[in-house]
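Dear colleague,

Please find below the structure that I am handing over to you. My findings follow directly after it.

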Amino acid sequence: MPSPSAATLTIDLDALAHNFGVLRAHAGDAEMAPVVKSDGYGLGAGPIARRLWAEGARGFFVARLSEGEALRAALGPDHPATIYVLDGLPTGAGGRLAAARLTPVLTSLPQVAEAQALAAQAGGLKIGLHVDTGMNRQGITPDEAYALAQAPDRLARLDVGLIMSHLGSATDPADPRSAAQLAKFEPIRALFPEARASLAASAGIFLGPAYRFDMVRPGVSLYGGGPEERPDPRLKAVATLDAPILDIRNIAAGEMIGYGSKTLVERPTRAAIVAAGYSDGVIRMAKGQARAWFAGAPRPVLIVTMDLIAIDIGNAPARPGDRVELMGPNAQIDDLAAAAGTVAHECLVRMSARAERVYLGAV
Ligand SMILES: *Cc1c(COP(=O)(O)O)cnc(C)c1O
């Protein structure tokens, strides 16, 4: 039940399953390995992974070791899911990785050396290998990958189950850098013929069959974010953040609303004061541009303060306690992200941080 006085985050697991199906239909035969980092983009990695397991997912990606441990705990110690850790093998983390049965995606040569030492003790270790093909963020260089492949003793006892890279500009299908990254990845992948290959995240899935390889790693589009950073009608909103109206105020032209002279209203304005603010992840920059949804229409967000926002409700019927949709099927995350100068990923993780969570649909 939504609590009457606070922001509520409703997570629709049936919508999640719908999006999983849409992406799978575009992924050909590639394995769908969902990305559930940052606690499932703020929506709860445990319930998200359990539902996607039921939909057929068998491997999941997290960023941090601690996220992997939390997901293993949520699924249960004997759960057969593979959990890949994108940070790889931080120094000294071998014991924790083993205890939680996590698969590190190695990102540097020192990590490869450390993994080898671990594998020597344990009699073997399953790993992934991340190769940077142009994003300059994470992964060994292509030259390092060639060198490793030519010196198999450096990989002794390491079972390279996954060879992967990540695209830096896939949200723009016309950007030639994706094809350049693909051309770099193909020969590297061929160096590790036993490993499964993976290049595409959400956006990459839509770049065509050449980008799919053996596994795709969708994140934001599972949660409703469009692959091209704008709303995509094929996908459903998974997260709905709503909050109650506390008060309705009539503000005369020329008066300020909230703090300071930058927020003078130009004309008489009927404003609803809503119990949400930047503490709830509503990005301050979004004021003026962002639209909340109330009484069947989009409503301009006038101000964003720490715990309160004001929206212009015109002459819509409204009473304290009525709920305003700040993010969801109508106030879409890609529109919010554009208004705030960011991406849907950031809206999801910020706007889920303080809200009480309610799950719809079978877990
Ligand atoms: C975050 C991430 C993904 C998922 O990206 P989305 O844009 O959310 O689909 C996939 N792979 C890597 C390496 C990532 O860091």
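Strand S12 (291-294), strand S13 (297-304), helix H10 (333-340) and helix H11 (344-351) each supply at least two residues of the lining of the largest cavity. Helices (H or I, at least four residues) and strands (E, at least two) are DSSP runs, numbered from the N terminus. A cavity is defined on a 1 Å grid over the protein atoms alone, as a set of points where a 1.4 Å probe fits but cannot get out; lining residues have an atom within 4 Å of a point. The model is a predicted one, in which local features need pLDDT of at least 70 and side-chain atom pairs count only at pLDDT 80 or more, while totals for chains, interfaces and linings use all residues. Residues are numbered from 1 along each chain as its sequence is written, and side-chain values use heavy atoms, with hydrogens and water left out.

The lining of the largest cavity consists of 15 residues, and Val-282, Ala-286, Ala-290, Leu-336 and Met-351 lie nearest the centre of this cavity. By class, this lining has 13 nonpolar, 1 polar and 1 charged residues. Here Ala, Val, Leu, Ile, Met, Phe, Trp, Tyr, Cys and Pro count as nonpolar, Asp, Glu, Lys and Arg as charged, and the others, Gly among them, as polar. The volume of the largest cavity is about 110 Å³, where a volume is the space filled by probe spheres set on grid points joined across faces, edges and corners.

In total, the structure holds 2 cavities of 30 Å³ or more. The second largest cavity contains about 40 Å³ of space, and among the residues that line it are His-130, Asp-132, Arg-137 and His-166. Its lining has 2 nonpolar, 4 polar and 2 charged residues.

The largest pocket (an open set of points with protein on both sides within 12 Å along at least five of seven lines) holds about 610 Å³ of space. Of its 33 lining residues, Lys-37, Tyr-41, His-166, Ala-201 and His-345 lie nearest its centre. Helix H9 gives the most to this lining, with 3 residues.

Where does the ligand sit? The ligand sits in the largest pocket, meaning that more than half of its atoms lie within 2 Å of the grid points. A polar side-chain atom of Lys-37 lies 2.8 Å from an oxygen atom of the ligand, and a backbone N or O atom of Gly-219 also lies 2.8 Å from an oxygen atom of the ligand. For His-166, a polar side-chain atom lies 3.5 Å from a nitrogen atom of the ligand.

Yours sincerely

Terms used. Polar contact = N/O pair within 3.5 Å; in protein donor to acceptor, adjacent residues only side chain to side chain.
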